[in-house]
Amino acid sequence: MKKIRLGTQGAVVSRLGLGCMGMSEFYGDRNDEESVATIHRALDAGVTLVDTADVYGFGHNETLVGKAIRGRRDEVFLATKFGNIRKQDDPTYWAVLGKPEYVRKACDASLGRLGVDHIDLYYQHRVDPDTPIEETVGAMADLVKAGKVRYLGLSEASPTTVRRAHAVHPITALQSEYSLWERHVETGILPAVRELGIAFVPFSPLGRGFLTGRFAKAEDLPANDTRVKRFPRFQPGAFDKNYVLVDRVRALAAQKGVTAGQLALAWLLAKGDDIVPIPGTKRRTYLAENIAAIDIVLTFEEVSALEAAVPPTEVVGERYSPANMRAVDRT
């Protein structure tokens, strides 16, 4: 497994990370045994960056990851997040909190669930519009001084917010959505983090699985899968139109002798060594497929062909529901 620098503060991680969210909820049934086996297989393959959050499965995901890495902590660059607030008894409730006292409380809770004495990369999951970013990052910096956290990150933050945060304490990584069918970060966010020496960690690099081509219609998703409900691009009407784009990727992948998902990941990896995707999976089979994408080399012409096959103007639907889009920092 190739290793690269993450940001400019000394962190080194695997070229590809592992997103663990789907192991706990949102994408159909969970299977803790297979999920733990998947994490172990990732570590065996040299994947070091393991990504979770306190909100995934109402804490279940951190507990699961903690169980999986027990005895192998020195092999893991552990990333988790805070800031999203949910209530198990009210599925509609979702709030964002970044007050200093909550930052400290959330970190201690995550350390307990993970069963570790420090977090390698601690992200603010969403920017709290009611708390100045300087106060939130100031509290996060105190966690670094206390030895509870090594590096700081932000997620779905605007260039303005990133600059303000970075002035308080060096930000190592920004995590936001980026894939062939979601390229909004290319115009403002990527240039800003590159100027500041901040790494970029794309989540949903496979378009929440859509770019793999495994689902030809919305009905192919499990009955308890929330993608159709939560994401406009998966909804009837939009799904069929977006699948036309996937068919184009599949055709190009066939020419290359790889899968559509591998080609989509290879495209993202080709965008720069400061980009570290974290494709999520809860199965060992798909993990192996994702890791193999690291060795796919694309020519300039192949990258251009992929971008022409999936032009942003032809993607149908927003990436989030209106309610979730309101939680994205666009200051």
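## A loop residue with positive phi

Phe58 sits in the loop between strand E4 (49-51) and H2. Helices (H or I, at least four residues) and strands (E, at least two) are DSSP runs, numbered from the N terminus. This is a predicted model, in which local features need pLDDT of at least 70, side-chain atom pairs count only at pLDDT 80 or more, and totals for chains, interfaces and linings use all residues. Residues are numbered from 1 along each chain as its sequence is written, and side-chain values use heavy atoms, with hydrogens and water left out.

The phi of Phe58 is near 55°, a positive value in a residue other than glycine. Most residues other than glycine have a negative phi. At 33% relative accessibility, Phe58 counts as partly exposed. Buried means under 20% relative accessible area, exposed over 50%, and partly exposed in between (1.4 Å probe, protein chains only).

Glu156 also has a positive phi, of about 55°, although it is not a glycine. Glu156 is found in the loop between strand E9 (149-155) and helix H5 (159-168). Its relative accessible area is 2%, so Glu156 is buried.

Helix H11 covers residues 300-309. Val303, Leu306 and Ala309 are buried there. Seen down the axis of H11, the buried residues fall within an arc of 125°, so they line one face of the helix. The arc is that of the directions from the helix axis to the C-beta atoms. An α-helix has 3.6 residues a turn, so residues three or four places apart point the same way.

The buried residues of H11 pack against helix H8 (238-256) and helix H9 (260-269). Contact here means heavy atoms within 4.5 Å. On the other side of H11, Phe300, Glu301 and Ala308 are exposed.

Gln262 belongs to helix H9. At 11% relative accessibility, Gln262 counts as buried. Leaving out residues up to four places away in sequence, Gln262 touches Glu289, Ala292, Ala293 and Ile296.

## Salt bridges

The structure holds 26 salt bridges. A salt bridge is a side-chain nitrogen of Lys or Arg within 4 Å of a carboxyl oxygen of Asp or Glu. One of them joins the side chains of Arg73 and Asp120 (3.0 Å, N to O). Arg73 lies in the loop between helix H2 (60-69) and strand E5 (77-82), and Asp120 in strand E8 (residues 119-124), so the pair ties together parts that are 47 residues apart in sequence. Asp120 counts as buried, at 2% relative accessibility.

Asp247 pairs with Arg250 in another salt bridge, with the closest N and O atoms 3.4 Å apart. Both residues lie in helix H8, 3 residues apart, about one turn of the helix. Asp247 is partly exposed, with a relative accessible area of 39%. Arg250 is partly exposed too, at 40% relative accessibility.

Glu302 and Lys256 form a salt bridge as well, with the closest N and O atoms 3.1 Å apart. The pair links distant parts of the chain: Glu302 is in helix H11, Lys256 in helix H8, 46 residues apart. Glu302 counts as partly exposed, at 25% relative accessibility. Lys256 is partly exposed, with a relative accessible area of 31%. Elsewhere, salt bridges that share partners join Glu156, Glu177, Arg208 and Arg319 into one network.

## The second largest pocket

About 430 Å³ of space lies in the second largest pocket. The search uses a 1 Å grid over the protein atoms alone. A pocket is an open set of points with protein on both sides within 12 Å along at least five of seven lines. A cavity is a set of points where a 1.4 Å probe fits but cannot get out. Lining residues have an atom within 4 Å of a point. Grid points are joined across faces, edges and corners, and a volume is the space filled by probe spheres set on the points.

The lining of this pocket has 15 residues, of which Phe26, Pro91, Trp94, Thr226 and Arg230 lie nearest its centre. Strand E7 (90-96), helix H7 (227-230) and helix H12 (322-325) each supply at least two lining residues. The largest share, 3 residues, comes from E7. By class, the lining has 5 nonpolar, 6 polar and 4 charged residues. Ala, Val, Leu, Ile, Met, Phe, Trp, Tyr, Cys and Pro count as nonpolar, Asp, Glu, Lys and Arg as charged, and the others, Gly among them, as polar.

## One cavity

A search of the whole structure finds 1 cavity of 30 Å³ or more. Its lining consists of Leu16, Gly17, Leu18, Val47, Pro279, Leu287, Asn290 and Ile291. Helix H10 (residues 284-292) gives the most to this lining, with 3 residues. The lining divides into 6 nonpolar, 2 polar and no charged residues.
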